[in-house]
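Q: I'd like to learn how to read a model like this one. Can we go through it together, feature by feature?

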Amino acid sequence: MTEINEDTVRAEARAWLEANWIADCGLVEWRLKLAESGWGVPHWPSRWYGRDLPVGLVPVVEEEFKRIGAIGVAKVGIRTLAAATILAHGTDLQKEKFLLRILTGEDIWCQLFSEPGSGSDVAGAVTRADFRGNQWVINGQKVWTTSAHKAHWGLLLARTDWDKPKHPGLSYFILDMKQPGVTVQPLRQMNGYASFNQVFFTDAKVEPEMLVSEVGNGWAVTTTTLMHERRGADALRSWAVASDKPGRIYDEERDEIRTTMEPYKWYPQRVGRIDLLLERARATGKSDDPVVRQEIAKVLSMSKAAEWTARRARTAQEQGRPQGPEGSLGKLASSLVARAAARVHTSLLGPDALLTGEDGPMNGLLAEILVSVPACSIAGGTDEIQRNIISERVLKMPRERTGDTDRPFKDVPRNTVG
Amino acid sequence: MKFSFSSEQEEFRSNLRRLLADRSSTKEVRRLMETDQGYERDGWAAINTALGLTAIRIPEAYGGYGLSLGDQCIVFEEMGRALLCAPYFATAVLAAGAIMNAGTEAEQQALLPGIAAGETTATLAWVEDNGRWEADGTMLTATAEGGGFVLNGHKTYVVDGHTADLIVVLARAQQGLSLFTVDGKAGGLTRRALKSMDPTRKFARLDFGGVKAQPLGAAGAAAAPFARTIIEAVVCLANEMVGGADRLREDALAYAMMRMQFGKAIASFQSMKHKQADMLLEVELAKSAAYYAAAALDEGDDDALAAAHLAKALASDAYTQTAIHAVQIHGGIGFTWDNDTHLWFKRAKSSEVLLGDAGYHRELMLQNWAA
């Protein structure tokens, strides 16, 4: 057997791509070939469309794709979280049914965790799954569900046992979104967009083989999904960029990216658009104002340092060394950068900050920053939850004593909405 | 090596950390900071020669190891943690840096081996009463006299200036900005130790009344090598500062874990946990910047200057803020002389200002920013 290292992997990937890549081909057709070869997800098990490569070598393969202009497997959206979760906890039947169609991009997925009464406290879910006859029957409500109106499948966290304490009372399911018991309604946000949905279940059905892991093990599975979500958050923020090359397969990929990224249109604004700060200072004639200069420099330095900190974490991961505390700081850092950037944008706007839409500068884009930034400190774990995670898991400070884990969940004072 | 250290570097770091834990306990720091010199020659020589610290960045031709600024910054981070009382920053960065950047081969051959071997302590004197960190604040004059030069004027805020064997001086000669070396015991030189707010890092005022000086590099050609020396010093200091900040953070955390109030460790209160999370974030960001800046200077990157100023700005804010939190977490005992927190608090304050504060470096960062 040849040794596996950067050079051998690069050579092998390059040879395969040079022999097989064709732009004049359907997207799904190409991805089926890719899945079969193992080069689409080389770090996955060879039994499931991968090549058992160490994660650290994936960037090498990605570089080869980029070099030749080849398109990869479908990577954007919740589908990657579904894949990671199914790989870790799914049955062979689930892997066979879902993984390939995730890689080809044929199926759209959504995540059904948050509820009106449980945001930070996701394990406080009260959506119920009752086993009746020969299937699971789902009733309840989920919220903040991206792409729910388009999704074929949902990753569902539901309560299966009310006599057990909070966590062991939860189970994890794969739910068919295209069924009568599922109603999807858009949810309008403070910035005017409706990127998320509310999902209502009225006797929705789940077949028994769509239970992931065992009954009562839903929290462990959820943790896997959330871990991958946090890890992927930076990638999502960096935005999926479509190739501008001509060709049928590129057209199809552009379509896919446009559809999948549609709900995320305002995401660059929610992280503060620090790329615009210097340009805006010049445009408003304030680039010599010492106060403005200090404030811009503060934002830029924090953002650069956060970027370098993320690189430290990634380098440690690639070298197979244990990650230091730097791995858990990115989310909180980006939310602080976003707020600071919004403050500077406000002072650069002056009275124009009073206006929005086509009456605001840059056709309302700047106003959109001001009303989108608050999401950054909430979505994917609030700043407060991030600080809890950093202090409890990284710094090993004592965990908060909670009042809901030592008794049957049915006796726990219930979360209520507003 | 912008984002990680090699295993050799990590090994060097842990050896140095052990050595400093042994030789620079806070008890020892307290003893040395009360002395007029601020350090002891023999004790410092023992630490220095054990790991060849002053030799690190000096070229092999002049008795050093020829290693990188990044390697030297590991030394600074560890010294900052241990709050070592030694003339290392003045000797190995300010003075040796000026000699390496400005000196002719013959001058380097004459001056560097003594520093590398730890026999010579040295410093760089450039700031004057106008308090400007830039070269253009220089008023001290060098005049040609009898085939040599004599210096007239003053320098202040000179790091370890009262004890240095050798002083590199920035002066204004007829040809323009020039560097000179002066013997610490030269005639006409009056040295006075200033009362330093941070007793672990001492400053002096030097008055020059017709002091005989030897040129370092060509007369009138000092601007570029001086600027290079200062930017290297800025990065070294930033690394020293993040080392100190990290140590303070860890000590405050350890205290919060054992301090009991209302029947439980104060570390279990969310206000304490969130404060610690914020401290960790601020210190880690400053660390990333300090590491990056050192490697960027070593590699001659386009963003090296901006990164150096960024690193000092973040280190200034992070170290001072961490020190404020650390006193607060300790509560009343944190305000006492007997508690060690104030030792780092004062180093934080002193380092925040030395070579320019955060606002000063933020402005310079922006001027060097590639938009």
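This is a predicted model: local features need pLDDT of at least 70, side-chain atom pairs count only at pLDDT 80 or more; totals for chains, interfaces and linings use all residues.

Q: How many helices and strands does chain B have?
A: Chain B comes out with 11 helices and nine strands.

Q: And why is chain B called as compact as a globular protein of its length?
A: The general idea is to hold the radius of gyration against a globule rule. For chain B the radius is 21 Å, close to the 21 Å the rule gives for 371 residues, so chain B is as compact as a globular protein of that length. Along the principal axes, its C-alpha atoms fill a box of roughly 80 × 45 × 40 Å.

Q: What share of chain B is buried?
A: Buried residues account for 54% of the 371. As for contacts between residues at least 6 apart in sequence, 76% join residues at least 24 apart.

Q: Let's zoom in on one residue. Where does E62(A) sit?
A: E62(A) belongs to helix α3 of chain A, residues 58-68. Partly exposed falls between 12 or fewer neighbours (exposed) and 20 or more (buried). E62(A) has 13 C-beta neighbours inside 10 Å, so it counts as partly exposed.

Q: Which elements of chain A touch chain B?
A: Start with the totals: 33 residues of chain A are in contact with 29 of chain B. On the chain A side, α10 (290-318), α11 (330-349) and α13 (383-394) each give two or more residues. The largest share, 17 residues, comes from α10(A). By class, that side has 18 nonpolar, seven polar and eight charged residues.

Note on methods: Residues are numbered from 1 along each chain as its sequence is written. Chains are lettered from A and ligands numbered from 1 in the order in which they are written. Helices (H or I, at least four residues) and strands (E, at least two) are DSSP runs, numbered from the N terminus. The radius of gyration is taken over C-alpha atoms; the globule rule is 2.2 Å times the number of residues to the power 0.38. Two residues are in contact if their C-beta atoms, placed from the backbone, lie within 7 Å. Ala, Val, Leu, Ile, Met, Phe, Trp, Tyr, Cys and Pro count as nonpolar, Asp, Glu, Lys and Arg as charged, and the others, Gly among them, as polar.
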